[in-house]
Amino acid sequence: MPALTDLNTVREILSRHGFSFSKALGQNFLINPSVCPRMAQLCHPELDGEFAVLEIGPGIGVLTKELAQVAKRVISIELDTRLLPILKETLADYPNVTVINGDAMKLDLAAVLKEHAEGLPVVVCANLPYYITSPLLMRLLESRLPVEAITVLVQKEAAVRLCAQPATRECGAVTLAVRYFAEPEILFSVSRGSFLPAPKVDSSVIRLRLHDKPPCEIADEALFFRLVHAAFGQRRKTLSNSLGAAGYTKEQIITVLQAAELSPTARAEELTLAQFAALTKLFLTI
Ligand code: SAM
């Protein structure tokens, strides 16, 4: 079969199956031939053929085919039932791929891996639907799936935020959460013209390598996330104002900030992960 990055081939397959793109499902398919092989090579740091890949949203299978050539098993979750007959056709030569019809935000991913990954080390690799980038990454990280690395194509702005250093202007709540679970890096840029249809913005491939052990101890994860969300929810406000959204009085907040040796006029984007961890510990004592 000709390459799934060949425009004529893609258009022929899509029209034969009467497929039209759904904007709501973030359907922008890769047609740049260099992107998928690169993602497939970079998604498995320090692992060779003995690993499984979990892919979210295979589309017509352009990345899936590349993954099937480097991994022992590929498990691809696709929500759009209209793509299933297409995937059956395009992936016919790859018996090591299992396509599961379902919503990656709702499926029990641990059970999926238990059933299909054959006990192999697992990495995630995907061109993510942009409308669920952050919630999906948070779901993958917070559910503590047995995953070594997550390599995903996301919109450039999301890539910058996800890979920002804490205590910088680019930092957001998701930055802190990512840093707690993983070491993120931007691998390479992908122009908007690499997709069909072309989105309005450029993208980047990022990789999160999951920590064996978190970089700092967080006494109560639920409280930590509540504080981070409150602080960044109103990022222009000082912490003494914004942390009220986590359910504390101004007096309590000032006491804790003093104990943490932080100025009451400090803002969320000035704090490191370790400082949020310290705040969590102190709020537990009041
Ligand atoms: N991997 C293909 C490629 O690179 O050309 C398609 C990527 S496209 C950006 C996103 C894919 O995710 C689409 O196939 C879309 O139908 C699928 N999708 C959207 N929401 C999903 C969800 N909640 N769970 C699983 N797949 C989803």
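**Close-up views of the ligand site, cavities and pocket**

**View 1. The largest cavity.** About 330 Å³ of space lies in the largest cavity. The model is predicted: local features need pLDDT of at least 70 and side-chain atom pairs count only at pLDDT 80 or more, while totals for chains, interfaces and linings use all residues. Residues are numbered from 1 along each chain as its sequence is written, and side-chain values use heavy atoms, with hydrogens and water left out. A cavity is a set of points, on a 1 Å grid over the protein atoms alone, where a 1.4 Å probe fits but cannot get out; lining residues have an atom within 4 Å of a point. Grid points are joined across faces, edges and corners, and a volume is the space filled by probe spheres set on the points. By this rule there are two cavities of 30 Å³ or more. The largest cavity is lined by 27 residues, and G57, P58, E78, N127 and P129 lie nearest its centre. Two or more lining residues come from each of β1, β2 (52-56), α3 (62-70) and β3; helices (H or I, at least four residues) and strands (E, at least two) are DSSP runs, numbered from the N terminus. The lining comprises 16 nonpolar, seven polar and four charged residues, where Ala, Val, Leu, Ile, Met, Phe, Trp, Tyr, Cys and Pro count as nonpolar, Asp, Glu, Lys and Arg as charged, and the others, Gly among them, as polar.

**View 2. The ligand and its shell.** The ligand takes the space of the largest cavity; a molecule sits in a cavity if more than half of its atoms lie within 2 Å of its grid points. Strands β1 (29-30) and β3 (73-78) are the elements that give two or more residues to the shell around the ligand. Of the 24 residues around the ligand, G57, E78, D103, N127 and Y131 come nearest; a residue is near if one of its heavy atoms lies within 4 Å of the molecule. The shell divides into 13 nonpolar, seven polar and four charged residues.

View 3. A polar contact is a pair of N or O atoms within 3.5 Å. One oxygen atom of the ligand is 2.6 Å from an N or O atom in the side chain of E78. For the side chain of N127, the distance from an N or O atom to an oxygen atom of the ligand is 2.8 Å. A polar backbone atom of P58 lies 3.4 Å from a nitrogen atom of the ligand. Taken alone, the ligand exposes 600 Å², of which the protein buries 99%; accessible areas come from the Shrake-Rupley method with a 1.4 Å probe.

**View 4. The second largest cavity.** About 120 Å³ of space lies in this second largest cavity. Its lining includes G26, N28, N127, L128, P129 and Y130. Strand β6 (residues 147-155) gives the most to this lining, with three residues. By class, the second largest cavity is lined by seven nonpolar, five polar and no charged residues.

**View 5. The largest pocket.** A pocket is an open set of points with protein on both sides within 12 Å along at least five of seven lines. The largest pocket holds about 250 Å³ of space. Among its 13 lining residues, K23, N28, Y130, P199 and K200 lie nearest the centre. The lining of the largest pocket has six nonpolar, five polar and two charged residues.

**View 6. Backbone details in two loops.** L196 and P197 are joined by a cis peptide bond with omega about -10°. P197 lies in the loop between β8 (195-196) and β9 (203-210). E46, in the loop between α2 (35-42) and β2, has phi near 60°, a positive value in a residue other than glycine.

Definitions and conventions. Polar contact = N/O pair within 3.5 Å; in protein donor to acceptor, adjacent residues only side chain to side chain.
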